[in-house]
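Please have a look at it first.

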There are 2 protein chains.
Amino acid sequence: MSRFRIFYLLGIMLLFLALMMLIASFWSLGEQGPDRMAFLKAILLTAGVGFFLFKLFSGATRKELSLVENFTLVALAWFVAGIFGALPFHYFGLFDGSFIDAYFEAVSGFTTTGATLLDDIENIPRGLLLWRALTQWLGGMGIIVLFLAILPRFGFRSMTMFKAELPGPIAERLVPRVVETARRLWFIYVVLNLSEIILLIICGLDFFDAPTHSFTTMPTGGFSTYTSSIAAFNNPAAEIVFTLFMFLAGANFVLYFRLIRGDFSIHRNPELCFYTAVTALAVILITADIYNLCEGEIFAALRLAAFQVVSIITTTGYATTNFDAWHHFSCVLLLGLMFIGVCGGSNGGAIKQVRVMLMLKFSIRELSNLVHPSAISSIKLGDQNLSEEVLRPIMGFGFLYFALTVFATLILNGLGLDFETSLSAVAATIGNVGPGLAGVGPLHTIPIRSFLPWAELCSPL
Amino acid sequence: MSRFRIFYLLGIMLLFLALMMLIASFWSLGEQGPDRMAFLKAILLTAGVGFFLFKLFSGATRKELSLVENFTLVALAWFVAGIFGALPFHYFGLFDGSFIDAYFEAVSGFTTTGATLLDDIENIPRGLLLWRALTQWLGGMGIIVLFLAILPRFGFRSMTMFKAELPGPIAERLVPRVVETARRLWFIYVVLNLSEIILLIICGLDFFDAPTHSFTTMPTGGFSTYTSSIAAFNNPAAEIVFTLFMFLAGANFVLYFRLIRGDFSIHRNPELCFYTAVTALAVILITADIYNLCEGEIFAALRLAAFQVVSIITTTGYATTNFDAWHHFSCVLLLGLMFIGVCGGSNGGAIKQVRVMLMLKFSIRELSNLVHPSAISSIKLGDQNLSEEVLRPIMGFGFLYFALTVFATLILNGLGLDFETSLSAVAATIGNVGPGLAGVGPLHTIPIRSFLPWAELCSPL
């Protein structure tokens, strides 16, 4: 039975989650935190259910997963990880016993959205804050890429799952063996993580803040251990480090592979150029727009603009200022960036740079075809000619993304939120950004929970 | 020289415009209006320039226009018609001598947008109001379809121009001869117009209001001779007539052809079904939403909802109430309808029902292809299998429509308008609707002029 295989794999995932909770609980044990019992209960339940599934379905056939099984597994994995990941928050009573709120927080973590329901983050035990950061760290590179590095030990392999989890329209064939690829991705992920931790400590962050924030930068997550996010540090040097690493996390990880192999031609990568150009243009426009708000200090304006633009375009969602109070122009530009998102093959969300690029090229070609109907030109990405079979799903994806945004905005409106709040809440969750504008601006706690499922649905895309 | 031919044709158009101004000026002469001299000057200048172009370039070669010539002609025709159509307003001093404002009003008329800069419409001489209504009447069916019925007399013909001007992705071959088709379309247009005038007079409108409003209903224009639009009549029966004729004007005119030929199978037309379903659904949702605002009077709520929904979806832009004061949900739903628009092959604007339908089908196919990659299914419209060559430009069009909306919204924001005003102003002008929400709601005069070129650019699409 194919269902058995999925349950077996979910069992493995839960055992791994329990292991991660155990690591987070060490901090709690070390400082004798009030959250020890919550961790104990959560670990026992997660490991118990995981072990039960693992043992009960261990007789499942070892063979390649089908496409439908893969999609089911990815969807179920996010759902189940959210349920069990919420247990430490729930048992500690973080949301006055509301499991739905704890589930929101966990799913916001695993999907690297970064929207939070907590409004007094400083007073939460540090073990729980570490677990909260770890949910993003795990979710970022994809629970499923992790699966991929471990699965073969148990006799499973899946190329399709890898494609589903590493987003972007064109899966580049990196190294022949998928498992090897997954391991290398994790290697890059961990190296970047450690570099960020070291730089943040040099900038003056302590040994708790540096790793917890690094864990949420690299997956473009955006959870902070402070209610006022990165603004709490009031540390310009650290802000520059954050900006740099958010930008790096938003690039295609395949490029780091190439760098490691000694291939320094990444500046010819068309998506990277587009990503850099869009980011730079947005930073320049916003710097010009907020120049007078910063009392004419050009570097302060530039730093603020760069941080917020990179945070939004990479769908991280950190904030160093209440950008909702900026002029309309900057706000709406940031809202637009929420739809574009990062490069394909990175951790972030939204439509992705390469898709936006190809949608533009596609549309311009159709426009020029109106005038020159006989000339059928193929679309190029760098030196590569793209077939129509690659382009069609991208246009379909783009349309569904807009349609889902409109539909979800209508529902939030119907529930009584104003237009700007609804649209930006949808853009921020569907693109895994986190904070939006107006009622869901960076200074607000998310007021309603009902739009969470969108983030969950879209994250595997 | 190909440019000569275009100028020759523009000359013919100007002569025709002068003729129409002459007709409008009769009203002014009849009531000894203060606008007589303005009309005289405008007619002389328009006819003069027209005759000059007509004579100077009468040596142009008579042969089929090329694709590029057609696009140039269409673009120039809208531009030039706006310039000369603005002259009566300008010479009368309607906007304190601002020619840009007069040009805005004329282009808003010819493109059947219906946005206005006038805030005291009742005090304007009736001759000018009649001319204002006539600009929409002429623009509606397309200055160019008119060209088509006249051109052959001068030795020109063009099928491509017909396709450019009669919007919708699939040009149905109606009758072999294009000229015959154009004449029949005008016949239908005029018959519907006369029917509406008669019904409005029966409902109690006078002999000025009935024709001027009918002239702006059929082209889905929306100019009224009252500042408070249709609400000024306070006449429920007339509102029902307006709702009916706006809906009829939004259907594909090809269907009326079929009806005339005795083909009553139009209920099987997939676009008509989709159009009816979307309209009905929106009316039901909004009726439910505004039920309590109407103090529980279900028929009053239904009439208000139906009028506003049909006015917006057909991109007419009449109003019987300040819908901007409705709940958020209804406002955002109306904003969404502004993007969908009417059926292909009708006078209205926006993306068009058939395109939205096909974009949905396209996207759903791509989604199901993810799970069943081997099954390549073609998309059907009714019984017709559509080729990828038909679908590709539609997806491109949709993307460019959204991209232009975002871009224009950003510019308006940068000029200092708030988000809701900017977005709805763009949606209302790019889709040729007229009034939007917030600062450009049905009770407001359009506050800035800078977004007009969009409407002009998009109208021929």
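The notes below cover a helix pair and then a chain interface.

This is a predicted model, in which local features need pLDDT of at least 70 and side-chain atom pairs count only at pLDDT 80 or more, while totals for chains, interfaces and linings use all residues. Residues are numbered from 1 along each chain as its sequence is written, chains are lettered from A and ligands numbered from 1 in the order in which they are written, and side-chain values use heavy atoms, without hydrogens and water.

Helices here are DSSP runs (H or I, at least four residues), numbered from the N terminus. Axes are lines fitted to C-alpha atoms over the stretch in contact, with angles from 0 to 180 degrees between N-to-C directions.

| Helix pair of chain A | Angle | Axis separation |
|---|---|---|
| Helix 3 (residues 67–85) and helix 5 (residues 99–110) | about 125 degrees | 8 Å |

The contact (heavy atoms within 4.5 Å) involves residues of helix 3 of chain A including Trp78(A) and Phe79(A), and residues of helix 5 of chain A including Tyr103(A) and Phe110(A).

**Where the chains meet**

In the interface, 38 residues of chain B are in contact with 38 residues of chain A. The buried area (accessible area, 1.4 Å probe, lost on putting two parts together, summed over both) is about 3500 Å² between chain B and chain A, and carbon and sulfur atoms give 82% of that. Arg392(B), Phe399(B) and Phe419(B) supply 21% of the area that chain B buries against chain A, more than any other three residues.

The rule finds four salt bridges across this interface of chain B and chain A, each a side-chain nitrogen of Lys or Arg within 4 Å of a carboxyl oxygen of Asp or Glu. Arg392(A) forms a salt bridge with Glu366(B), with the closest N and O atoms 2.6 Å apart.

Terms used. Helices (H or I, at least four residues) and strands (E, at least two) are DSSP runs, numbered from the N terminus.
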